[in-house]
Amino acid sequence: MVTLNGTLEIDDFKHVLFEKQSIQINENVLETVEKSFEFLKTFSQNKIIYGVNTGFGPMAQYKIEDSERQKLQYNLIRSHASGTGNPIPPLYVKAAMLARLNTLCLGYSGVHKSVVELMVQLINKDITPVIYEHGGVGASGDLVQLAHLALVLIGEGEVIYKDKRHPTEEVFKMENLKPISIELREGLALMNGTSVMTGIGIVNTIYTRQLLNWTITASSAINEIVKAYDDHLSFELNQTKKHKGQRDIAELMRAHLKDSSLIKKREHHLYNDVQDVFIFEDKVQEYYSLRCVPQILGPVLDTLNQVETILIEEANSANDNPIVDVKNKNVYHGGNFHGDYVSLEMDKLKLVVTKTSMLAERQLNYLLNPSLNNILPPFVNLGKLGLNFGMQGVQFTATSTTAENQMLSNPMYVHSIPNNNDNQDIVSMGTNAALITKKVIENTYEVLAIELITIVQAIEYLDVKEAVSSKTRATYDAIREIVPIFKEDVVMYPYVNAVKAFLMNQQG
């Protein structure tokens, strides 16, 4: 059980999203929410408060009569539930719901307690709103996407329940749920925030962390099976660089290879009895995709750590407008809904994930090209050369997918387009950035799946499964459970998809 007390961590998202743990709200949090609501209710009686007794955006110049305040909130929700494109997968929607619930629980939004109570029930019952990819510009928050969440909370729209799409009203009746009470600004408070981009972004970081772990595994295994020298991973060499990420990657690779009998030490081969040798049969140094892994993946790790920090800060922030400050007995108008922090971090994350896919593609190419590795048949073909094709066909998939990543890694952060009658004259496009990053991550898992299948085939050809490290052997066994040894050509796409799913589902 995860208890919401005002602070969420990455692990809390993991517990709820991947382990299906339920959530509960701390009693003090409920008290805070109620105090915020009661304060706003009293404070707004003789004042102009945006979104309580005014229109929205450029229409804020129009005063709303007290008798029409509730209708104002319903109108906002219904008019902005205008998303299009593909539905966002329920896992990411659930993450967005958790992020939105958490910010409402901080007590800066002035919502009725029925909002947080119903959201808890929806999350615990695994009922997720149908929210579409297209619609958010990420400045007044994720207005369009969050409108679809708000639509469900008022008992309208559609939800995913038990893996099927249903009208919200139907599921509410089945589960005996009641729509929220619209009292003051529940519509605006639900919609005016960064929670969709943040939720998607946090799931992106979770999948990237796992992706990085598998990339370290693949990179270590390749160094091992080609009997590379180990000094490029040494503590001494990597300690001469000040970057923590590089040092950490090298340490993880050393740990992976500690019981390998294949990795070589330079002092055993090139530092003794070489006076009369003029041409060395073995490479003196490996190609960069093998030798420079700490320097390539180090920035990935450092960036991921920074992205996690910013995303969790956002999830634990008040990110709507206006901000209800009970302590100072005031309401402040501003722009905490602006998603530039998330947008920039998503662009940074997709850049380093794209580089990760490029590393995997180059390592794959190294294994497939006998002119480079000098120990494996073309395309790691275990069958008859010329008649069989081995991994030849699936390399095209890895190459094209990596190329797509390179195109998608262009930034969204600087692609602002003014809209909303120029009220929103500079926007973040944060949800677009998060969704594109999601695509880049999924693509990279495909490339890595192909690379790991190839590594396992190479281990099979070289007959070194008893000599590799215990960590490489564990990976070999896991992939072999999914992909059988093949000499004759087989249809590859089911195996690639199965390995991809396996890699993504192994949450640490």
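## Disulfides and cysteines

A disulfide is a pair of cysteine sulfur atoms within 2.5 Å. By that criterion, a search of the whole structure, which is a predicted model, returns zero disulfides.

C105 has a relative accessibility of 3% and counts as buried. C292 has a relative accessibility of 19%; because the cut-off for buried is under 20%, C292 also counts as buried.

## Helix α9

Helix α9 runs over residues 195-225 and has 31 residues. From its first C-alpha to its last, α9 reaches 45 Å, close to the 45 Å expected at 1.5 Å a residue.

How many of the 31 residues of α9 are buried? The count is 29, and the helix is described as mostly covered. Just after α9 comes K227, whose phi is positive, at about 55°.

## K500 in helix α20

K500 lies in helix α20, which spans residues 493-505. Is this lysine buried or exposed? Its relative accessible area is 16%, and since buried means under 20%, K500 is classed as buried.

Which residues does K500 contact, leaving aside its neighbours within four places in sequence? They are E442, Y445, E446 and A449. With one of these, E446, there is also a polar contact: the side chain of K500 and the side chain of E446 pair at 3.1 Å. The buried K500 therefore has a polar contact from its side chain to that of E446.

Terms used: Residues are numbered from 1 along each chain as its sequence is written. This is a predicted model: local features need pLDDT of at least 70, side-chain atom pairs count only at pLDDT 80 or more; totals for chains, interfaces and linings use all residues. Side-chain values use heavy atoms; hydrogens and water are left out. Helices (H or I, at least four residues) and strands (E, at least two) are DSSP runs, numbered from the N terminus. Buried means under 20% relative accessible area, exposed over 50%, partly exposed in between (1.4 Å probe, protein chains only). A polar contact is a pair of N or O atoms within 3.5 Å; within protein, one must be able to donate a hydrogen and the other to accept it, and residues adjacent in sequence count only if both atoms are side-chain atoms. Contact means heavy atoms within 4.5 Å. The expected span of a helix is 1.5 Å times one less than its number of residues.
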